[in-house]
Amino acid sequence: MKCTNKRNKIKLLCILCVAAVFMSGCGQAVVIENPYSVYDSKLNSYDTDSTDSSFFATDLCVTDGADIGTDKTDSSLAEGGGVFDLTTGEVKYSQNIFGKMYPASTTKILTAYIIIRDCNMSDMVTVSANAVDQAADSSICNLREGDVISVKNLLYGQMLASGNDAAIALAEFHSGSVEAFVDEMNATAQNLGATGSHFVNPNGLPDENHYTTIYDMYLIFKEAVKYEDFVSITGSKEVTVNYLDKNGDAVEKTWSNTNRYISGKYDAPEGFTILGGKTGTTNAAGYCLVLYSMNPDGDKIISIVFKADGRSNLYHLMSQMLSSFAK
């Protein structure tokens with residue numbers, strides 16, 4: 001089943017602004033007649049007279065990629081990091097922000113974004129044999145073939161317990177196959193401007209062709225946190241879910257958040273409220289964390305650390321970044 005009930009199918013083509021006058025190569029003024037109008041997302045219409053049209057980068061934190069603040073943190077503990085103030089539109093910290101990185105399970109941010117964008121939380125999913133066919137060392141939430149479980153509960157399993165089985169079940173439900181869902185992932189990433197990324201699975205298992213950048217992950221995460229369901233799910237410390245197995249018998253599972261700020265195993269920097277996020281860990285990717293928080297002034301902050309050399313160092317560097325650059 002492909003989830004399209006919530007998705008706006010109308011794709012509008014925006015090409016150029018209002019009529020313009022410019023100098024031709026011969027030095028003569030040239031007037032463009034019948035120009036294309038610009039679609040104004042705020043007005044939900046085309047408007048050639050508007051001077052307040054929303055363009056792609058209007059609400060983005062823009063950077064030239066130069067490192068910022070790395071001399072004031074223990075930046076050697078990780079290969080990349082970034083702090084993005086959504087309220088002020090500033091990049092506050094930047095370390096290897098456009099470098100190619102393996103995202104591990106932070107991939108599930110994009111998977112969750114697509115599912116929440118396109119599907120109803122109450123839709124019921126029957127878990128396939130393929131979804132539960134995970135390697136022995138894979139991160140799973142222990143689903144079984146034939147389980148019937150809601151989209152929302154699968155999202156909890158994917159984002160709190162980091163269940164690779166839940167990610168596959170969601171991908172198959174959305175697009176009919178993992179391969180078709182991966183196509184949707186890559187198309188969505190490109191549409192969000194994440195042009196330095198390529199995905200080959202919905203859960204982040206290692207593959208040399210599965211990669212992103214700090215900045216691309218910021219672009220993806222920025223869209224995801226616009227959804228209340230995403231923030232609510234990823235910000236939950238623990239959840240107990242109920243569903244049915246293939247025989248119709250009740251199943252109850254409790255999943256805890258792998259984000260150690262949210263679980264309480266690490267203290268957030270003073271004055272910061274942790275709102276949500278996603279962890280990720282593989283040998284190739286190291287220790288990763290994409291975090292959504294609010295600083296003491298009420299600014300919404302996205303902060304990212306990729307390929308930290310240990311879990312404690314991951315949180316140490318993240319706290320340094322927030323304390324020094326996000327207040």
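Modeller: I168, A171, E172, H174 and S175 in α4 meet V178, A180, F181 and E184 in α5, where contact means heavy atoms within 4.5 Å. Helices (H or I, at least four residues) and strands (E, at least two) are DSSP runs, numbered from the N terminus. The model is predicted: local features need pLDDT of at least 70, side-chain atom pairs count only at pLDDT 80 or more, and totals for chains, interfaces and linings use all residues. Residues are numbered from 1 along each chain as its sequence is written, and side-chain values use heavy atoms, with hydrogens and water left out.

Biologist: How do the residues of the contact of α4 with α5 divide?

Modeller: Ala, Val, Leu, Ile, Met, Phe, Trp, Tyr, Cys and Pro count as nonpolar, Asp, Glu, Lys and Arg as charged, and the others, Gly among them, as polar. On that basis the contact of α4 with α5 has two charged, two polar and five nonpolar residues.

Biologist: At what angle do the axes of α4 and α5 cross?

Modeller: Axes are lines fitted to C-alpha atoms, for helices over the stretch in contact, and angles run from 0 to 180 degrees between N-to-C directions. The axes of α4 (residues 164-175) and α5 (residues 178-191) come within 8 Å. Their crossing angle is roughly 85°.

Biologist: Which elements do the buried residues of α5 pack against?

Modeller: Buried means under 20% relative accessible area (1.4 Å probe, protein chains only). In α5 the buried residues include V178, F181, M185 and A189. The buried residues of α5 pack against α4, α2 (129-132) and α1 (108-118).

Biologist: How many aromatic pairs does a search of the whole structure find?

Modeller: Rings of Phe, Tyr and Trp (its six-membered ring) pair if their centres lie within 6.5 Å. With that criterion, the search of the whole structure gives 10 aromatic pairs.

Biologist: Why is the pair of F221 and Y292 edge-to-face?

Modeller: Planes over 60 degrees apart count as edge-to-face. The ring centres of F221 and Y292 are 6.2 Å apart, and the pair is edge-to-face because the planes lie at 85°.

Biologist: How many residues apart in sequence are the parts that F221 and Y292 tie together?

Modeller: Both F221 and Y292 are buried. F221 lies in helix α6 (residues 214-224) and Y292 in strand β12 (residues 286-294), so the parts tied together are apart in sequence by 71 residues.

How values were computed:
Buried means under 20% relative accessible area, exposed over 50%, partly exposed in between (1.4 Å probe, protein chains only). Rings of Phe, Tyr and Trp (its six-membered ring) pair if their centres lie within 6.5 Å; planes under 30 degrees apart count as stacked, over 60 as edge-to-face and the rest as tilted.
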